[in-house]
Every structure is written in structure tokens, then in C-alpha cells.
Amino acid sequence: RLGPAVAPKEIDFKPGMAEVYKTLGILNFMFGNIDKAIESTNLSKETYIELGDRNGEAACYVNTGIFNRNTGDIEGAGESYQKALEIYKEIGDNEGAAKTFNNLGNLFKMQGDYKTALDYYFESLRYYEDIQDKYMTASLYQNIGIIYSEQNLPDEAIDNYNKALKLYTEIDDRKGIADTYANMGFEYGV
């Protein structure tokens, strides 16, 4: 029989504490408690720094960026994403860098800065192609196509949708295939 659960803090298990704080940050964010989300995430980040866990630290910066973006603090989101990106590049975490480049692309797309968004999407794409993540590569082609469509560049949009469609078909992602056909239909005026 197992005894009662012991909180990581009570046994001074710092890796567990860092994860608990990070999870509390996410949960608080989901329930709309932004101040608590940021507080918990900062505690997590401080613990990861204490442990020398650069990956955990970067993940906390990404989460803070997401919190900031969703509350309208675009500048704070960009700063957090840039800190995460710097760490991911420093430690050679290509997947973390790819996700962060994608987040930065989304941030600039949201602001209507399509040129900068595309720059970040193409960087993310390069990383995802290197690690051979077909799903995320297809998703990025989709995002790039949408930006070209919003800029009234139908040929570039269709070209990227076709690249996305090829990859979604290879991995049998039916939702991705359907979304791509929908975007292509919009482009063709169907």
C-alpha cells in the first residue's frame, strides 16, 4: 500500500518543484488567473536556473511569452520568446528553437507584420525540415500559404499549400489535408 502523497517541496525535490510550478502556471493561465500563472512560472524558472536546467528555463520563457501574447502584452511576449530562443540555440535544442521561431512568426502575423512573420516561419521551417518533423513542416507551409494569401499573392499561397498537402498526405493527417484543401478552395474562389 502506498502512503500519502508527499509534495516535492516537502522533500526538497527541486526538479519536481520546478515541474509543479510550471504546471501550476499553465493551469492558472487556463483558468484566467494570469498574475498567478506568471508568478508560478517565475518560481519554476528560478528553480530551473538553480538546477542549471537550461531547457526548463527556456520552456518557462516560452510559457511566459504565450501568457503575455494572449493578454495583449506583445512586447513582453517578444522579449520572452527571444530569451527562450537564445537558450535553445545555445544548448542546441533544435526542436525548441523551431517551436520558438514559429511562436515569433505567429506573434508578428498577429500584428500584421507579414514580412517579419515570414522570416521567422522560414527559420522555423528550416529547423523542422532538419529534424524531419513532417507534421510541423506541413503546418508551417500552411501558415506561410495563409500569409501569402492575405497579401494577395495566390501563386505563392498555392505553392505552399501544395507542399503542405504533400506532407499531410505522406503522414495521413486527414484534418491537415482537409484544411489545406479548404485553403486552396478559398484561393481559387470556390
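Visitor: In which hand does α2 pass α3 in a crossing?
Guide: In this predicted model, the axes of helix α2 (residues 34-51) and helix α3 (residues 54-70) come within 8 Å and cross at roughly 165 degrees. Because angles over 145 degrees count as roughly antiparallel, α2 is roughly antiparallel to α3. The crossing in which α2 passes α3 is left-handed.

Visitor: By class, how many residues in the contact of α2 with α3 are charged?
Guide: On the α2 side the contact is made by Ala37, Ile38, Thr41, Ser44, Lys45, Tyr48 and Ile49, while α3 brings Gly56, Glu57, Cys60, Tyr61, Asn63, Thr64, Phe67 and Asn68. Sorted by class, this contact of α2 with α3 has seven nonpolar residues and six polar ones, and the number of charged residues is two.

Visitor: Which helices do the buried residues of α4 pack against?
Guide: The buried residues of α4 are Gly76, Ala77, Gly78, Ser80, Tyr81, Ala84, Leu85, Ile87 and Tyr88. The helices that these buried residues of α4 pack against are α3 and α5.

Visitor: Which residue with a positive phi follows α4?
Guide: Helix α4, with 18 residues, reaches 26 Å from its first C-alpha to its last, close to the 26 Å expected at 1.5 Å a residue. After α4 comes a residue whose phi is positive, near 75 degrees, and this is glycine 92.

Visitor: What covers the buried residues of α6?
Guide: In helix α6 (residues 114-130), the buried residues are Ala117, Leu118, Tyr120, Tyr121, Ser124, Leu125, Tyr127 and Tyr128. Their cover includes α4 (74-91), α5 (94-110) and α7 (134-150).

Definitions and conventions. Residues numbered from 1 in each chain as written. Predicted model: local features only at pLDDT ≥ 70, side-chain atom pairs only at ≥ 80, totals over all residues. Heavy atoms only, no water. Axes fitted to C-alpha atoms, helices over the stretch in contact; angles between N-to-C directions. Helix = DSSP H or I, 4+ residues; strand = E, 2+ residues; numbered from the N terminus. Parallel < 35°, antiparallel > 145°, perpendicular 65-115°, else oblique. Left-handed = near helix turned anticlockwise from the far one by under 90°. Contact = heavy atoms within 4.5 Å. Nonpolar A, V, L, I, M, F, W, Y, C, P; charged D, E, K, R; others polar. Expected span 1.5 Å × (residues − 1). Buried < 20%, exposed > 50% of the residue type's maximum accessible area, 1.4 Å probe, protein only.
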